[in-house]
Amino acid sequence: MDNPMVKGDEVRHGTYIYLDAISKEIIDSLGDAPLSEALLYSLNDGSIPFFPTTAKQVAQLAKAADGLAFTVRLCTDKKCVGVCRFGDISWQSRHARLHISILEESYFAVDILADTIQTMLQFAYWEANLNRIYVYCIEDTRLLRQALEQVGFTNEGRLRQEVYRDKRYLDKLIYGILCREWSA
Amino acid sequence: MSTIFQSERIYLTPITNDDLPQFAAWLSDFGLQRLVNPGMSVPQDVEELLNPDSWFQSDLKSEKCRMFAIRTLKDNIFIGECGIVNLNMFAHSAEIGINIAHPEYRGKGYGAEAMVLVMRYGFEQLNLNRVSLHVMSFNTRAIRLYEKLGFQVEAREREMFFHDGTYFDQLSMGILRNEWEVIYG
């Protein structure tokens with residue numbers, strides 16, 4: 001790993017990836033080509049319409065959104081493979097919603113997703129002092145669900161027909177994990 | 001007269017500036033807010049509600065919200081508020097909320113009447129496919145009412161909110177158009 005950690009830096013480091021700022025330099029390095037449908041599908045939880053988007057636009061939107069946003073970079077060569085963020089943060093109730101966007105198809109895999117989620121939880125519980133992290137995802141985003149379950153999230157319910165896509169209504173699932181469950 | 005916004009004992013109107021002193025008082029009643037507002041309660045005054053940048057004015061202007069005052073037909077008393085929020089017109093879904101805030105009108109079926117009016121507005125005027133709501137897990141009276149009206153508990157978001165030194169779960173409940181049609185069609 002050519003990104004040696006200093007004391008305290010472990011909080012943003014996983015096994016394969018680490019979290020970094022969404023700098024202008026990183027945004028500029030992302031491609032202008034539209035993301036594949038598979039990636040687009042994975043990014044969108046159905047709250048907004050599905051439309052062609054580039055990796056650069058996804059990073060710009062993450063940076064502009066309220067909350068805490070990061071790039072996901074590989075430990076090996078610092079390549080940016082995605083962005084992730086906490087939104088809908090309640091500092092009173094100490095909860096936040098986790099959004100994950102992998103922007104390179106070759107890295108859209110359970111181990112990278114799980115490592116990114118795990119590292120975001122480290123940040124949430126060790127640094128931001130949150131109590132609950134939750135994720136909304138569409139029922140057929142299989143890899144994301146698999147990664148969430150691998151990290152220890154609990155499926156808390158299914159909002160029936162909450163999303164419309166490909167001429168059909170789909171359910172939206174809610175996954176949550178509490179600090180004490182993650183720490184155990 | 002149209003009966004879209006009218007039932008046996010109540011009717012729905014816009015919330016007017018004349019309603020704001022009463023509305024602000026309800027928003028400042030923490031006992032009441034514990035039941036209907038999952039977030040942090042903050043006392044409100046009329047000036048704040050009239051501020052163009054306030055959450056209230058934003059909601060009034062938002063295309064994703066429809067807020068109504070609930071008034072009695074008999075003597076035109078403002079007894080609470082209800083409405084639709086997070087309207088998602090491409091997924092044809094929305095959340096609804098209700099608050100029978102006037103203490104003399106609670107527990108007398110006015111909430112159920114208002115809920116049916118808002119659900120009917122959602123399904124029959126806005127052409128929704130799904131109507132949902134959130135309720136705190138300790139509000140068992142409200143949960144029973146929503147189940148009686150046809151809503152199903154779909155999710156329990158654990159330790160979602162913190163009040164009075166304790167974390168509480170939030171329940172998500174929903175009803176689909178086909179279920180609405182069976183019950184109310």
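**A walk through chain A**

In chain A, 60% of the contacts with a separation of 6 or more are between residues 24 or more positions apart; two residues are in contact if their C-beta atoms, placed from the backbone, lie within 7 Å. A quick note before going on: this is a predicted model, where local features need pLDDT of at least 70, side-chain atom pairs count only at pLDDT 80 or more, and totals for chains, interfaces and linings use all residues. Residues are numbered from 1 along each chain as its sequence is written, and chains are lettered from A and ligands numbered from 1 in the order in which they are written.

Chain A has six helices and seven strands, taken as DSSP runs (helices H or I, at least four residues; strands E, at least two) and numbered from the N terminus. Follow the sequence and you get β-α-α-α-β-β-β-α-β-α-β-β-α. The radius of gyration of chain A, 16 Å, is close to the 16 Å that the globule rule gives for 184 residues, so chain A is as compact as a globular protein of that length. That radius is taken over C-alpha atoms, and the rule is 2.2 Å times the number of residues to the power 0.38.

As for burial, 39% of the 184 residues of chain A count as buried, meaning 20 or more other C-beta atoms lie within 10 Å of a residue's own C-beta.

Now zoom in on helix H5 of chain A (residues 142–151), where Leu144(A), Arg145(A), Ala147(A) and Leu148(A) are buried. These four sit on the same side of H5(A), because they cover an arc of only 160° around the axis, judged by the directions from the helix axis to the C-beta atoms. Their cover includes helices H2 (37–43) and H4 (110–127) and strands E5 (132–138) and E7 (168–178) of chain A. Just after H5(A), Gly152(A) has a positive phi of about 115°.

How values were computed
A residue is buried if 20 or more other C-beta atoms lie within 10 Å of its own, exposed if 12 or fewer, and partly exposed in between; C-beta atoms are placed from the backbone.
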